[in-house]
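Subject: Handing over the structure

Dear colleague,

I am passing on the structure we spoke about, and below it you will find notes on what turned up when going through it. Please read them with the structure open beside you.

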Number of protein chains: 2
Amino acid sequence: MNAKPRRTLTPVSWRDVRLEDGYWKRKQDVNHKTTLPMVYRKCRDTGRLDAIKLQWKEGQPHKPHVFWDSDVAKWLEASAYSLATHPDRRLAATVREIVERYAASQGPDGYINSHFRTVRPRDRWTNLRADHELYTAGHLIEAAVALHEATGNRAFLEVIRGFADHIDQTFGREMGKIRGYPGHQEIEMALVKLYRATGENRYLKLARYFLDERGRKPLYFHLESNDPAWAGDGILSITHQCEKPVRKMKALTGHAVRALYMLSGMIDVAGETRDAKLWQVCRRHWANIVQRRMYITGGIGSTPAQERLTFDYDLPNETAYAETCAAIALVFAGWRMLRIEPDRQYADVMERALHNGVMSGVSLTGDRFFYNNPLRVHPLAASMEHRGENRAIIRRKWFGCSCCPTNIVRLLASIGGYFYSTVDDAVYVHLYAASTTNLTVADQRVTLRQITDYPWSDTVEMSVEPESAVTFKLALRVPGWCEGASMSINGQSIAMPRLQRGYAGIKRRWQPGDRVAMTLPMPVRRTSAHPACRANVGMVALERGPIVYCLEQVDNGADLHRLSLPREAVIHARHQPGLLGGVTVLTIPHGRRLTDKGWSGRLYDGCSPASQVRQTITAVPYAVWANRGKGEMTVWLREN
Amino acid sequence: MNAKPRRTLTPVSWRDVRLEDGYWKRKQDVNHKTTLPMVYRKCRDTGRLDAIKLQWKEGQPHKPHVFWDSDVAKWLEASAYSLATHPDRRLAATVREIVERYAASQGPDGYINSHFRTVRPRDRWTNLRADHELYTAGHLIEAAVALHEATGNRAFLEVIRGFADHIDQTFGREMGKIRGYPGHQEIEMALVKLYRATGENRYLKLARYFLDERGRKPLYFHLESNDPAWAGDGILSITHQCEKPVRKMKALTGHAVRALYMLSGMIDVAGETRDAKLWQVCRRHWANIVQRRMYITGGIGSTPAQERLTFDYDLPNETAYAETCAAIALVFAGWRMLRIEPDRQYADVMERALHNGVMSGVSLTGDRFFYNNPLRVHPLAASMEHRGENRAIIRRKWFGCSCCPTNIVRLLASIGGYFYSTVDDAVYVHLYAASTTNLTVADQRVTLRQITDYPWSDTVEMSVEPESAVTFKLALRVPGWCEGASMSINGQSIAMPRLQRGYAGIKRRWQPGDRVAMTLPMPVRRTSAHPACRANVGMVALERGPIVYCLEQVDNGADLHRLSLPREAVIHARHQPGLLGGVTVLTIPHGRRLTDKGWSGRLYDGCSPASQVRQTITAVPYAVWANRGKGEMTVWLREN
């Protein structure tokens with residue numbers, strides 16, 4: 001445990017990682033070819049891009065919405081990442097045009113927002129709770145930082161600095177400033193990025209102010225709204241993470257995405273300001289989330305009521321509201337924890353979320369999206385709930401509140417940036433994916449290449465190409481789920497190094513052409529949930545490597561709840577390149593299915609033991625469910 | 001099966017049944033002493049009684065609500081029943097005063113409604129869907145019929161006939177009439193009661209019109225509202241049971257109480273008009289409800305979304321919306337089915353609903369009520385849902401929409417009317433309860449007396465006191481749950497008569513002083529739900545006689561989901577007179593509880609087999625749960 005946290009690791013930027021043919025490259029290619037242009041078209045067709053021209057007038061269609069800029073900003077950010085790995089002159093030109101549009105839309109005081117400049121010019125900063133102004137500002141900042149990093153061009157960064165400076169002059173505890181904070185956290189992370197990009201300390205201080213002011217009494221949202229519903233510690237305060245100051249909260253509560261964006265900002269600020277107390281709070285919140293409030297898919301959010309976290313071990317499967325954005329936010333938070341404390345537990349959670357709760361958010365075709373990502377679906381039951389557009393039985397093209405598609409697109413475009421990092425004379429490999437990177441370690445340029453079919457295959461081969469022989473430590477993560485990992489160097493088995501916080505470090509003088517191979521055995525695992533989880537008692541989930549599996553109706557017939565897995569049943573894993581974009585499928589020849597035998601015309605009866613027949617059960621990765629039409633799905637399966 | 005249905009049985013009126021000390025008498029006494037006066041006070045204090053004076057003006061408090069009259073009417077109806085069994089001069093005077101108030105409030109055209117006469121005089125009959133005008137009319141009619149039967153005084157009946165005549169002149173297919181029907185069914189049953197009380201055929205025809213017009217295209221609610229949401233067969237049509245004509249509906253759908261009130265009206269109309277086709281529809285709907293959509297408690301309603309029935313076998317426990325009124329409506333429907341077709345299946349369902357889903361609706365003290373009656377509760381989860389006042393974790397004093405308390409009070413006041421009926425030279429005993437009745441059979445007056453501690457005790461003794469020896473058949477229901485029933489007459493065992501549709505009929509020449517005893521063995525039953533029920537797979541409920549049991553946190557500790565019932569575990573039943581008003585309690589000394597052993601700090605793991613410890617499990621009748629503070633509750637228990 002770090003008493004005083006610091007940014008220990010230096011990430012290898014997405015700029016410097018080239019994906020090679022494999023799981024993530026294929027996902028990123030779809031993202032680049034389909035999702036990114038589709039998000040652009042949606043932003044254009046819904047009026048989001050025109051809105052930036054500030055020409056909208058009352059009575060016209062496409063009235064700019066408060067959070068529209070955030071979608072455009074996330075598309076800009078994604079484009080920045082994409083341009084670095086997939087040069088594209090047309091895309092670059094479009095990005096330039098929109099960036100110039102934003103620059104032209106900036107007020108003399110630096111303010112940027114296409115809604116407030118046109119629809120409600122007098123209402124700026126009057127409803128921080130609901131109006132998402134600081135949230136959209138945060139996304140514009142993240143876009144500007146990414147564009148600067150991608151292109152080296154500072155122009156847009158300077159424009160956005162003007163906006164950030166305006167915000168800095170507007171908010172704070174000093175006389176004459178608004179003592180508020182965002183209704184939807186986001187800007188905290190963004191300000192730390194801006195601080196890192198510019199070295200300007202004010203941005204870091206402003207991020208810390210937003211975090212520390214939150215939850216102080218009298219509550220700003222109460223003062224702002226004069227709404228008595230804010231009195232006391234009711235559901236409004238909980239939803240907005242301000243029932244008490246963030247450092248005093250026992251566990252993260254409220255709206256799941258906001259909670260995890262806030263946590264990400266807290267970790268950033270803790271690391272940059274070396275704030276040991278805040279770091280302890282972050283560790284506590286992280287532990288609570290991943291030990292008590294996280295779905296096995298890495299999804300977060302247990303109720304559609306205000307899209308909230310609820311309470312420890314409350315993880316209902318059918319009514320899960322595991323928003324794609326919340327799983328992405330968990331990746332953000334884990335990445336930030338990992339940077340300060342290189343421990344595989346953080347990368348394990350990132351990997352769990354990425355391969356399951358994040359990737360379930362987008363269809364294989366890249367143009368349809370889930371918002372909530374339930375772990376069990378019955379189409380009739382889901383359709384009964386009428387939760388509007390965010391239903392969970394089939395992916396949709398777009399949402400009125402379309403944060404998830406735009407979050408997916410920026411995450412996948414930058415996925416390479418989460419694989420590697422360095423510290424002093426060590427290189428860390430956190431996530432496995434076919435890729436090539438050029439990095440500097442021990443003052444020397446080294447090319448690292450991963451050759452692997454992970455997550456389907458259990459072997460990762462790394463080629464190490466320093467410019468000339470150099471000594472450094474190559475620290476490879478042995479995932480927490482893995483038992484019996486083994487290694488070889490240049491074809492010779494070696495004893496597994498003793499793991500340091502889950503990383504197998506090989507320190508040696510690396511020669512050009514050295515090859516390290518690691519095998520991470522991937523037997524199918526039957527996973528139980530903690531006995532305190534009401535939803536999963538008596539049930540198991542199937543996992544293989546980092547992949548969580550599910551059963552779909554298309555493979556197993558209707559009434560999935562009738563299926564059960566005998567304790568002794570053998571489970572076969574076989575890779576099927578032609579199925580669902582190429583996935584490893586599990587089959588259980590000796591599964592069981594409850595029959596209706598003896599039940600004619602009765603709903604309740606003493607008839608026992610239940611009549612069962614043998615059925616082959618087929619499980620596919622959770623992330624690819626709902627790519628073959630509507631039907632039932634379940635992650636958890638009764639064991640008997 | 002009756003080709004042409006008719007009212008086969010003649011019920012013995014509540015007027016002619018005196019409850020003796022026992023289960024229902026104790027419930028009725030609480031109802032009379034506490035619930036009835038409390039409902040009166042609530043009607044008074046909320047302005048419902050003043051509203052009838054038609055003096056309310058805009059700006060004053062207690063603005064009359066559209067359905068307020070229904071609460072007053074249900075209290076009047078309950079008072080009528082109560083006065084017949086518990087003479088009470090003060091109550092009689094109060095009833096007289098309110099009845100006179102209603103008479104004085106009647107418009108020259110016969111119209112009565114305290115909301116529309118004061119708040120929206122121009123809006124009469126303009127929003128049949130939502131305004132509950134025909135619903136409140138129905139309750140006023142039921143009150144008038146009950147008061148007439150209780151007192152013999154026709155005055156109020158004539159007043160209400162004036163209103164019914166006005167409705168008859170207003171609605172129908174004839175030119176110049178409104179071709180509408182109620183948004184909330186109720187008046188159909190009421191009109192049949194009025195027809196029976198007056199012999200006026202127009203009321204029966206009007207009831208049939210309301211039923212048959214429903215669901216015809218173009219939809220009246222669409223025409224009325226001009227709301228495009230009514231186009232197609234969307235959720236609005238389903239909620240209101242008008243997605244198609246009622247005779248063509250495959251299964252009852254939509255709002256549960258409305259569906260079952262409608263079914264009750266359909267059965268009445270089928271029986272009175274000898275409509276074989278409509279009767280077949282009723283049988284189909286009944287079978288679908290009790291074989292596929294009924295909670296084990298007799299509760300009906302599977303989602304809080306529009307308080308609806310959902311689909312076959314969809315019976316979620318925690319989010320059940322088994323409104324007390326819907327269980328009461330199921331009793332109404334079952335009673336009407338039974339009257340046409342004397343078959344124990346109907347009485348079995350009535351008994352299931354009465355002892356479980358209805359009686360759970362009111363506290364032991366008689367002054368607190370549930371609206372929905374879930375079968376599993378976790379207080380934290382329930383509080384997360386924020387469904388407003390109708391929460392399901394603790395009974396409440398009253399509701400803004402207070403249909404359930406007023407329904408309970410009228411049902412309990414008339415409970416004796418569901419015990420006995422006659423046909424030709426037979427007497428049927430449907431429900432067992434200590435009581436005395438005077439009835440006419442084979443043209444002779446007979447006093448029947450039941451001496452029993454049912455439902456706790458398995459023995460029912462009947463004394464038969466004809467004025468002089470007379471031959472008739474005494475048909476005693478052998479409940480469907482019962483195996484091995486036995487009988488004796490005057491202390492001599494007799495062979496069980498062959499059951500006729502579940503009734504054991506003893507035809508003999510009865511002498512004054514004859515005594516029949518029947519024993520209905522009540523071992524504890526482990527009941528499973530049909531394998532198609534997703535919610536209850538792998539679980540059992542415990543029943544004894546007609547009583548469904550549940551586990552409460554106060555007896556079993558928190559985390560009830562950790563408990564399980566080994567297949568071989570012995571279950572003891574013991575009556576505890578001092579507990580919860582006197583109930584038979586079940587204990588399972590060798591139950592099991594999942595422990596946390598081996599789970600420190602992990603949420604998902606392969607650790608198996610799960611660690612369990614022995615725990616004594618205690619179950620109490622579901623109807624009396626939540627009388628000892630807040631806590632978890634579950635009806636269904638894992639079996640292993």
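Across the interface of chain B and chain A of this predicted model, 14 residue pairs are in polar contact, both residues of each pair being at pLDDT 80 or more. On the side of chain B that touches chain A, the elements that give two or more residues are helix 13 (276–292), helix 16 (379–385), strand 17 (524–529) and strand 23 (604–605) of chain B. Sorted by class, that side of chain B has 23 nonpolar, 12 polar and 14 charged residues.

As to the extent of the interface, 49 residues of chain B are in contact with 50 residues of chain A, and the area buried between the two chains is about 4100 Å², with carbon and sulfur atoms giving 62% of it. Within chain B, the residues that lose the most area to chain A are B:Arg534, B:Leu603 and B:Tyr604, which together account for 20% of what that side buries.

Turning to aromatic rings, a search of the whole structure finds 46 aromatic pairs over all chains. One of them is formed by A:Tyr23 and A:Trp456, an edge-to-face pair with 6.0 Å between the centres and 65 degrees between the planes. Because A:Tyr23 lies in helix 1 (residues 23–45) of chain A and A:Trp456 in the loop between strand 9 (444–452) and strand 10 (459–466) of chain A, this pair ties together parts that are 433 residues apart in sequence.

Finally, some points of the backbone may be worth a look. In chain B, a cis peptide bond joins B:Lys217 and B:Pro218, with omega at about -5 degrees, and B:Pro218 is placed in the loop between helix 9 (201–213) and helix 10 (220–225). Another cis peptide bond joins B:Tyr454 and B:Pro455, with omega at about 5 degrees, and B:Pro455 is found in the loop between strand 9 (444–452) and strand 10 (459–466) of chain B. In chain A, A:His132 has a positive phi of about 60 degrees although it is not a glycine, and A:His132 is found in the loop between helix 5 (128–131) and helix 6 (133–151).

With best wishes

Technical notes:
Residues are numbered from 1 along each chain as its sequence is written. Chains are lettered from A and ligands numbered from 1 in the order in which they are written. This is a predicted model: local features need pLDDT of at least 70, side-chain atom pairs count only at pLDDT 80 or more; totals for chains, interfaces and linings use all residues. Side-chain values use heavy atoms; hydrogens and water are left out. Contact means heavy atoms within 4.5 Å. Buried area is the accessible area (1.4 Å probe) that two parts lose on being put together, summed over both. A polar contact is a pair of N or O atoms within 3.5 Å; within protein, one must be able to donate a hydrogen and the other to accept it, and residues adjacent in sequence count only if both atoms are side-chain atoms. Helices (H or I, at least four residues) and strands (E, at least two) are DSSP runs, numbered from the N terminus. Ala, Val, Leu, Ile, Met, Phe, Trp, Tyr, Cys and Pro count as nonpolar, Asp, Glu, Lys and Arg as charged, and the others, Gly among them, as polar. Rings of Phe, Tyr and Trp (its six-membered ring) pair if their centres lie within 6.5 Å; planes under 30 degrees apart count as stacked, over 60 as edge-to-face and the rest as tilted.
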